[in-house]
Amino acid sequence: MTKVLEDAIEKVRKLPEDRQAYAAEVLEQIAAASGDPFVVPEAHRAAVLEGIGQARRGEFVSEEEMAALWAKCGL
């Protein structure tokens, strides 16, 4: 296991149970793909496409908003 993965798992262990479950689901999907490209689950597709559209339009959050998000996530 790489150091990066070990560090990420340690951070996930500190998250609330529902976020741990989500992280586990994503890892399971990646592992199940057996080297195939990761496919975004259909339930998340709309949010991903919305984010891509926002980026193309140059709609980004401020540094302060990002700092608040990282702090909220414990990063």
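## Asp7 and its partner

In this predicted model, Asp7 counts as partly exposed because its relative accessibility is 34%; the class lies between buried (under 20% relative accessible area) and exposed (over 50%), with a 1.4 Å probe and protein chains only. Asp7 forms a salt bridge with Lys3, and their closest N and O atoms are 2.9 Å apart. The term denotes a side-chain nitrogen of Lys or Arg within 4 Å of a carboxyl oxygen of Asp or Glu. Lys3 has a relative accessible area of 55% and is therefore exposed. Because Lys3 and Asp7 are four residues apart in helix H1, about one helical turn separates them.

Residues are numbered from 1 along each chain as its sequence is written. As the model is predicted, local features need pLDDT of at least 70 and side-chain atom pairs count only at pLDDT 80 or more, while totals for chains, interfaces and linings use all residues; side-chain values use heavy atoms, without hydrogens or water.

## Fold and overall dimensions

The secondary structure of the chain consists of four helices and zero strands, in the order α-α-α-α along the sequence. Helices (H or I, at least four residues) and strands (E, at least two) are DSSP runs, numbered from the N terminus.

The radius of gyration of the chain is 15 Å, whereas a compact globule of 75 residues would have a value near 11 Å. The radius is taken over C-alpha atoms, and the globule rule is 2.2 Å times the number of residues to the power 0.38. Along the principal axes, the C-alpha atoms fill a box of roughly 35 × 30 × 25 Å. Of the 75 residues, 4% count as buried. The accessible surface comes to about 6600 Å², and carbon and sulfur atoms account for 59% of this area. Such areas come from the Shrake-Rupley method with a 1.4 Å probe; for residues, only the protein chains shown count as cover.

## Helix H2

Helix H2 covers residues 17-32, and its 16 residues should span 22 Å at 1.5 Å a residue; the end C-alpha atoms are 22 Å apart, which agrees. The expected span is 1.5 Å times one less than the number of residues. Just after H2, Ser34 adopts a positive phi of about 50 degrees.

## Nonpolar surface patch

Met1, Leu5, Leu27, Ile30, Phe38, Val40, Val48, Leu49 and Ile52 make a nonpolar surface patch of about 780 Å². H2 and helix H3 (42-56) are the elements that give two or more residues to the nonpolar patch, and H3 gives the most, with three residues. Patches are made of residues with over 30% relative accessible area and no salt bridge; like charges are joined within 9 Å, and nonpolar side chains (Val, Leu, Ile, Met, Phe, Trp, Tyr) within 5 Å.

Met1 is found in the segment before helix H1 (3-13). Its relative accessibility is 69%, so Met1 counts as exposed.

## Further salt bridges

Side chains of opposite charge can pair when their charged atoms come close. The count for this chain is three salt bridges. Arg13 is exposed, with a relative accessible area of 56%, whereas Glu10 is partly exposed at 37%.

Glu59 and Arg57 also meet in a salt bridge through their side chains, at 2.9 Å from N to O. Glu59 counts as partly exposed at 42% relative accessibility, and Arg57 is exposed, with a relative accessible area of 55%.
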